[in-house]
Amino acid sequence: ELMSISGVNRLMWAKFSGNVAELLDCPDGLLNCIHGSFDDAVCKRYLKTEEQKQKATVTLSSYFAQTPLSFRKIEEYPWLLAENARYWFQSAQPAEYRQIWRNLRNCLADIDFFQAMYCDQFVSDLHDFWHEMADVFDFVHEYEEAIDMYASKSASAGATDRIIPAVHVATCQSKLARFFYDSTRFEAAVRMFAK
């Protein structure tokens, strides 16, 4: 994965990883620096400026945009999109806010992504991301539109496929209603439960 993102070939990676193996940990396939000083040195060497950090964030978010839904994508992708939006938000005009946050909104409003993220481990992040975009996007409106489109797509599948998607859509609606309720959007929760 790292070779794919960075463009480093196998020989260079083998040399590098051999030289710094005692400074790296790789739990669950994720490469982590064991020592904070090594992490700092890497950042000082390769991510000296805010522009370089932002470029790395964009590179990683572009990578995750192309990967299938997974635990790693759920954990990393929204955070990267939020970091990128925060970077641009600092110098943006109010008319540009919607565009800046659009990628994160699209990610979170995706019903399959929502279903995967709506679990004990990530639900607080889901709330936090939507709260950060509250001046620009209303999550209730975004999810109501998204579930309607999702339901219409599943209903247009072949006749033999309709029972499973209908149950799946109902499960999604139930999770959305609970999310709305937990966010104290009670009327929206009632509407979603009633669908």
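Begin by selecting Leu108, which touches Pro78, Phe114, Met117, Leu126, Phe129, Trp130, Met133 and Tyr143 when residues up to four places away in sequence are not counted. Keep in mind throughout the tour that this is a predicted model.

Next, turn to the second largest pocket, whose volume is about 250 Å³. Select Arg105, Asn106, Ala109, Asp110, Ile111, Asp112, Glu142, Glu145, Ala146, Met149, Tyr150 and Lys153, the residues that line this pocket. Which helix supplies the largest share of the lining? It is α9, from which 6 residues come, while α6 (97-109), α7 (111-117) and α9 (139-155) each supply at least two residues of the lining. If you colour the lining by residue type, you will find 5 nonpolar, 1 polar and 6 charged residues.

Stay with helix α6 and select Arg102, which is found there. Arg102 has a relative accessible area of 26%, and it therefore counts as partly exposed, the class between 20% and 50%.

The cysteines make the next stop. How many disulfides does the model contain? The count comes to 0, and Cys107 shows what this looks like in the viewer, for the nearest cysteine sulfur, that of Cys119, is 14 Å away, whereas a disulfide needs two sulfur atoms within 2.5 Å. Is Cys107 buried or exposed? Cys107 counts as buried because its relative accessibility is 7%, which is under the 20% limit. Select Cys43 as well, and you will be looking at a partly exposed cysteine, with a relative accessible area of 29%.

Finish at Gln54, which lies in helix α4 (residues 50-65). Gln54 counts as buried because its relative accessibility is 12%, again under 20%. To see some of its surroundings, show Asn84, Tyr87 and Trp88, the residues that Gln54 touches once those up to four places away in sequence are left out.

Note on methods. Residues are numbered from 1 along each chain as its sequence is written. This is a predicted model: local features need pLDDT of at least 70, side-chain atom pairs count only at pLDDT 80 or more; totals for chains, interfaces and linings use all residues. Side-chain values use heavy atoms; hydrogens and water are left out. On a 1 Å grid over the protein atoms alone, a cavity is a set of points where a 1.4 Å probe fits but cannot get out, and a pocket is an open set with protein on both sides within 12 Å along at least five of seven lines; lining residues have an atom within 4 Å of a point. Grid points are joined across faces, edges and corners, and a volume is the space filled by probe spheres set on the points. Helices (H or I, at least four residues) and strands (E, at least two) are DSSP runs, numbered from the N terminus. Ala, Val, Leu, Ile, Met, Phe, Trp, Tyr, Cys and Pro count as nonpolar, Asp, Glu, Lys and Arg as charged, and the others, Gly among them, as polar. Contact means heavy atoms within 4.5 Å. Buried means under 20% relative accessible area, exposed over 50%, partly exposed in between (1.4 Å probe, protein chains only).
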